[in-house]
Amino acid sequence: MKFTAVGDVIISRRIQEDYEGIGELAELIGQGDVRFFNLETTLNKEGECYASQASGGTWLRSDPRVLDDVKRFGFNMTSFNNNHAMDFSFEGLLKTLESVEESGLVHAGVGRNLAEASAPRYLETKDGRAALISVNTTLEGQMIAGEQTGRMKGRPGINPLRVKQHVELDKEEFALLRRIVKKTGLNAQREIEKREGYHGGEKNCDTETVGGIDFVCGEETRVVRRCDERDLLRVKKAICEAELQADYIIVSLHSHEIGKAEKEEPADFAKEFARFCIDNGANAVIGHGPHLLRPIEIYKNAPIFYSLGDFVLQLYNIEYAPEDFFEQYGLDGRATVHELLKKRSKDFTVGLMTDKRMFQSLIPYWETENGELKSLRLYPIRLSMNGNRSEIGLPRFEGDADFMEDFAKRCESYGTRLSKSSDGSYECHW
């Protein structure tokens, strides 16, 4: 089987049919039997849905017809299980779900209940059947789909990969924290509520919760993050189910969280999760979310793309926003979106739309045989940062991409070497 994929498609307006470069990209993407992208917006008509009180960062909404434009690149598989899925509340999520279903794109990760959201979805191709499972680590609690019960309908939402975090302090630091909490009475009400059965009841006596964060007495000072065992089990079961039905299993992972102190490095829990998926039968993990490139790892002869960056980036093309967004920046709904985005970006000097890394991306093309990786080639692309307004944020193939040198060094630390070919693409070696 053959595969192509891209990362985030943040699309806020229609794409003109004849923009320069779309034909070449469609040809590259079209090499795959399976052709994946992450849809990072909601689809609903103006005035149709209420905005949520909070968003994934920006309240993203697009006309459902943008799917027609995205499909002209040749994609046939997607997920919108990301931090923007609930920007326009439950109705916006369901409207997006309906539009994606009507488009014919195979999708996973969002459903009318948790069973739907977590189920594998299948794409039929001439060379085999591919399964998609989708999870998201960048989420708020209200986004999570609910289970059905005997007397309750399930809740619409996403398939989550919750990350449990606590801070470990050495004995001296933990004793100091406990003295501060006791002296200030910071947790007095919480302690009463715990005795009354709230907050999960009593916890280990070596744990102190401050501001919703658990601090644990340990041997060293560090932050510990682990994937929720319930979510891991659900993904494992989905992979097991897909093994019966499909020739190739893809897991889509939306994760903004960083490792160490830079965006380019995936969080340790994301690496552990990706390898967990491969260990349990998945054939590839496609990461997206941080809007820039993260390294590629070949683990047990299966590709892990920790982030493929952006394929379309149109953050400045939202046409309206809820009052909540204006209030975040000391404005109100009488201001224009232009004024809002200008203030947010400090006069258009900071933010994703000013960072060249967000406009550097690639399209991987890989071939497999009996689920085993045989070859992997990368096609660098660059999104337009300036020029006419209709083309800003749209991608083109770049045969001499200067950013690939730095990307190659990052991949080397994961055991993946890149060599440049005469056509400007890069072959992966492992």
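Glu391 sits in the loop that links strand S21 (372-383) to strand S22 (395-397). Helices (H or I, at least four residues) and strands (E, at least two) are DSSP runs, numbered from the N terminus. The model is predicted: local features need pLDDT of at least 70, side-chain atom pairs count only at pLDDT 80 or more, and totals for chains, interfaces and linings use all residues. Residues are numbered from 1 along each chain as its sequence is written, and side-chain values use heavy atoms, with hydrogens and water left out.

Glu391 has a relative accessible area of 18%. This residue is therefore buried (under 20% relative accessible area; exposed is over 50%, partly exposed in between; 1.4 Å probe, protein chains only). Neighbours within four places in sequence aside, Glu391 is in contact with Arg13, Gln16, Tyr19, Glu20, Ser384 and Arg396 (heavy atoms within 4.5 Å).

Six strands form an open sheet in the order S6-S7-S13-S16-S18-S17, with mixed pairing (two strands pair if DSSP finds at least two bridges between them). Strands S6 (121-125) and S17 (293-299) stand at the edges; each has a single partner strand, so one side of each lacks a neighbour in the sheet. From one strand to the next, the twist averages 15° (axes are lines fitted to C-alpha atoms, for helices over the stretch in contact; angles run from 0 to 180 degrees between N-to-C directions).

Strands S16 (residues 284-288) and S18 (residues 302-308) run parallel and are joined by two bridges. Val285 stands opposite Ile304 in S18. Helix H7 (residues 229-245) packs on the sheet and touches S6, S7 (128-136) and S13 (248-254). The direction of H7 makes about 170° with that of S7. Helix H8 (residues 268-279) also packs on the sheet, touching S7, S13, S16, S17 and S18. The direction of H8 makes about 150° with that of S18.
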